[in-house]
Amino acid sequence: MSNELNSNQLQAAGELEIEMMQDLYKRMTTACHKKCVIPRYKDSELTKGESVCIDRCVAKYMDVHDRIGKHLTTMTLQQQPSLQTQQANDPSRVVGSYK
Amino acid sequence: MLWGRSSDKKQAAPAASEGPSFEDQLPTLREFLREYNRIAEVCFNDCVNDFTGRTTTTSEISCVNNCLEKFLKVTQR
C-alpha cells in the first residue's frame with residue numbers, strides 16, 4: 001500500500017480524526033462530570049472545588065488517553081512489522097496526542 | 001484485525017499484490033479508534049479516583065496498564 005494519501009483520503013482521515021475527537025470529548029466530559037460534580041444542585045455556579053477537580057480530571061484523562069495510545073501503537077507495530085516503515089514515514093496522525 | 005476480534009471477518013480479502021486499499025481499511029480503523037476511546041474511558045473511570053493533583057500517580061498508571069492488558073485479553077477470549 002502506497003504511503004502517499006491522495007487528497008480524498010486525507011480528507012477522510014481528517015474527518016475520522018474529528019469524529020474521534022468529538023467522541024473523546026463526549027466521554028471525557030461525561031466522566032469528569034460524574035467524578036467531580038456533586039449531584040446537589042442548590043446553586044447554578046460551579047464551586048471552586050468542582051472547577052479545580054474538573055481541571056485536574058481533564059488533565060488526567062488526556063494523560064491516560066495518551067498513554068493507552070502509545071501502548072496500543074507499540075503493540076500494533078510489534079504485531080505487524082510491515083507497518084514500522086509506514087510509521088517511520090508518517091508518524092501516526094490519527095492515533096496520537098491531541099495536544 | 002490484530003487481536004482476533006470478530007471484525008477480522010469483515011475485512012475484504014486483499015488484492016493479489018497490493019493489499020486492502022485505504023478506503024477498505026477505514027471502517028476497521030474507525031472501529032479500532034472507537035475501541036481505543038472506550039478503553040480510555042473505562043480504564044479512567046475504574047482507575048483514577050484521586051483529584052488532589054494534576055498528574056497521574058504511579059499506582060494509577062500501573063492500574064491503567066493492567067486495565068488495558070485485561071481489556072485486550074477479554075476481546076481475545
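What percentage of the 99 residues of chain A count as buried? In this predicted model, the value is 33%, where buried means under 20% relative accessible area, exposed over 50%, and partly exposed in between (1.4 Å probe, protein chains only). Residues are numbered from 1 along each chain as its sequence is written, and chains are lettered from A and ligands numbered from 1 in the order in which they are written. Local features need pLDDT of at least 70, side-chain atom pairs count only at pLDDT 80 or more, and totals for chains, interfaces and linings use all residues, while side-chain values use heavy atoms, with hydrogens and water left out.

Chain A holds three helices and zero strands, in the order α-α-α from the N terminus on; helices (H or I, at least four residues) and strands (E, at least two) are DSSP runs, numbered from the N terminus. Among the contacts in chain A with a separation of 6 or more, 62% come from residues 24 or more positions apart, contact being defined as heavy atoms within 4.5 Å.

The contact between the chains takes 35 residues from chain A and 39 residues from chain B. About 3700 Å² is buried between chain B and chain A, with 64% of it on carbon and sulfur atoms; buried area is the accessible area (1.4 Å probe) that two parts lose on being put together, summed over both. Of the area that chain B buries against chain A, 20% is supplied by B:Tyr36, B:Phe51 and B:Arg54, more than any other three residues.

The largest nonpolar core has 33 residues, of which A:Tyr61, A:Ile68, A:Leu72, B:Ile39 and B:Phe44 touch the most other members. Such a core is a set of buried Ala, Val, Leu, Ile, Met, Phe, Trp, Tyr and Cys residues joined through side-chain atoms within 4.5 Å. Two or more residues each are given to this core by helix H1 (7-36) and helix H2 (48-79) of chain A and by helix H1 (22-47) and helix H2 (58-76) of chain B. The most, ten residues, come from H1(B).

B:Glu35 lies in helix H1 of chain B and counts as buried because its relative accessibility is 18%. Between B:Glu35 and B:Thr55 there are 24 Å in space, C-alpha to C-alpha, at a separation of 20 residues in sequence.
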